[in-house]
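Q: I have a model open and want to go through it residue by residue. Can you take me through what stands out?

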Amino acid sequence: MIETRDLVHRYGDEMENDEGRATAIDGVSLSIPDGEFVLLAGPNGSGKTTLVRHFNGLLQPDEGEVLVDGTPVSEDLVAARTRVGMVFQQPRDGFVAATVGADVAFGPENLGLAREEIDRRVEEALSAVNMEDRREDRIDELSGGERERVAIAGALAMEPDHLVLDEPFTGLDAPARESVVEHLRNLKAAGTGVVLVTHDLRDAFDLADRVVALGEGRIAVDGPPAEVRERLAGFGIRVPPVSLGEGPPEQNP
Ligand code: ADP
Ligand code: MG
């Protein structure tokens with residue numbers, strides 16, 4: 001469970017008074033239970049990245065608090081980072097090793113796990129994104145979609161309860177996007193919670209249990225996809241059209 005309570009985040013010089021600092025998150029209280037698939041939407045600059053960076057202590061609150069499984073993130077950073085995996089925007093900046101296998105092993109190695117356990121996790125994480133045969137491949141020779149999948153595998157190898165992905169579709173073509181969505185579908189089925197940050201909901205709308213939209217650092221919309229569709233559209237967020245296939249499946253003649 002990830003919880004924020006009256007979270008406020010301001011950017012700018014701490015020495016300035018509060019009026020001189022831009023408020024990126026302006027009192028957000030949000031609970032995300034284990035296993036829930038949340039789409040986090042909102043226009044550019046609405047605070048999505050700032051919010052999720054609080055989930056595992058990459059940022060500290062100016063006011064309010066953030067808890068993972070009931071413990072304030074600030075009190076146990078390691079627990080928060082173990083339970084909440086993060087896949088950043090532009091994963092090409094986030095790789096630490098030259099090859100796929102070495103990169104995915106990096107996180108578990110830092111947990112100080114035994115070699116066999118590290119190998120098991122790397123194998124499972126790579127097979128979860130269909131890259132089990134690619135351990136020796138060089139990351140700088142991969143396509144954008146493959147890099148995205150390696151970044152996801154790196155987070156999965158930590159065996160987190162929640163996987164947070166910040167705009168993972170940026171720069172991916174349609175087949176690569178579909179492949180990532182497919183892997184998120186499998187993760188959800190396996191019980192991992194997913195928080196997918198995106199300004200375009202069309203890719204994963206039907207997969208989500210819940211859609212949360214931010215506007216100017218506050219929660220503007222929060223509910224199941226089918227119930228919030230119209231409010232989102234009014235808010236300038238692209239949602240998929242109601243598909244004609246909704247309802248009972250058509251019979252083939
Ligand atoms: P989103 O991810 O929804 O596009 P962000 O969380 O990146 O939104 O940004 C929220 C607000 O905070 C924006 O007004 C943005 O300009 C500002 N902001 C983000 N990062 C920084 C930073 N490092 N320094 C100063 N202001 C920032
Ligand atoms: Mg962002």
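Notes on the predicted model

A: Start with valine 239, which is buried, with a relative accessible area of 18%. The cut-off for buried is under 20% relative accessible area. This is a predicted model.

Q: Where is valine 239 found?
A: Valine 239 is in the segment after α7 (225-234).

Q: How far is the C-alpha atom of valine 239 from that of leucine 201?
A: The two C-alpha atoms are separated by 5.3 Å, while valine 239 and leucine 201 are 38 residues apart along the chain.

Q: Switching to the ligand. Which residues surround ligand 1?
A: The surrounding residues are Tyr11, Ala24, Pro43, Asn44, Gly45, Ser46, Gly47, Lys48, Thr49 and Thr50. By class, that shell has 3 nonpolar, 6 polar and 1 charged residues.

Q: Which element gives the most to the shell around ligand 1?
A: Helix α1 (residues 48-55) does, with 3 residues.

Q: What lies 2.7 Å from an oxygen atom of ligand 1?
A: A backbone N or O atom of glycine 45.

Q: And which side chains have an N or O atom close to a ligand oxygen, with what distances?
A: In the side chain of lysine 48, an N or O atom is 2.8 Å from an oxygen atom of ligand 1. For the side chain of threonine 49, the corresponding distance to an oxygen atom of ligand 1 is 2.9 Å. Taken alone, ligand 1 exposes 560 Å², and the protein buries 55% of that.

Q: Back to α1. How many of its residues are buried?
A: In α1, 6 of the 8 residues are buried, so the helix is largely enclosed by the rest of the structure. The buried ones are Lys48, Thr50, Leu51, Val52, His54 and Phe55.

Q: Take threonine 50, then. What is its relative accessibility?
A: Threonine 50 has 7% relative accessibility, so it counts as buried. This residue is found in helix α1.

Q: Which side chain does the side chain of threonine 50 make a polar contact with?
A: That of tyrosine 11, at 2.8 Å. Tyr11 and Thr50 are also both among the residues that surround ligand 1.

Q: What follows α1?
A: Glycine 57 follows α1, and its phi is positive, near 80°.

Q: Which residues have a positive phi although they are not glycine?
A: Aspartate 69 is one of them, with a phi of about 50°. Asparagine 130 is another case, with a phi of about 55°.

Q: Where are those two found?
A: Aspartate 69 is in the loop between β4 (63-68) and β5 (71-72). Asparagine 130 lies in the loop between α4 (115-128) and α5 (144-156). With 33% relative accessibility, aspartate 69 counts as partly exposed.

Q: Next, α6. What span should the helix have, and what does the model give?
A: Helix α6 (residues 174-189) has 16 residues, and at 1.5 Å a residue they should span 22 Å. The end C-alpha atoms of α6 are 23 Å apart, which agrees.

Q: Which residues of α6 are buried?
A: Ala176, Val180, Val181, His183, Leu184 and Leu187 are buried in α6. They cover an arc of only 160° around the axis, which puts them on the same side of α6.

Q: What is exposed on the other side of α6?
A: Pro175, Glu178 and Ala189 are exposed there.

Q: Last one. Where does glycine 64 lie?
A: Glycine 64 lies in strand β4. At 45% relative accessibility, glycine 64 counts as partly exposed. Glycine 64 and glycine 191 are 29 Å apart in space, C-alpha to C-alpha, and 127 residues apart in sequence.

Notes:
Residues numbered from 1 in each chain as written. Chains lettered and ligands numbered in written order. Predicted model: local features only at pLDDT ≥ 70, side-chain atom pairs only at ≥ 80, totals over all residues. Heavy atoms only, no water. Near = heavy atom within 4 Å. Polar contact = N/O pair within 3.5 Å; in protein donor to acceptor, adjacent residues only side chain to side chain. Areas by Shrake-Rupley, 256 points an atom, 1.4 Å probe, with all protein chains shown as cover. Helix = DSSP H or I, 4+ residues; strand = E, 2+ residues; numbered from the N terminus. Nonpolar A, V, L, I, M, F, W, Y, C, P; charged D, E, K, R; others polar. Expected span 1.5 Å × (residues − 1). Buried < 20%, exposed > 50% of the residue type's maximum accessible area, 1.4 Å probe, protein only. Arc of directions from axis to C-beta.
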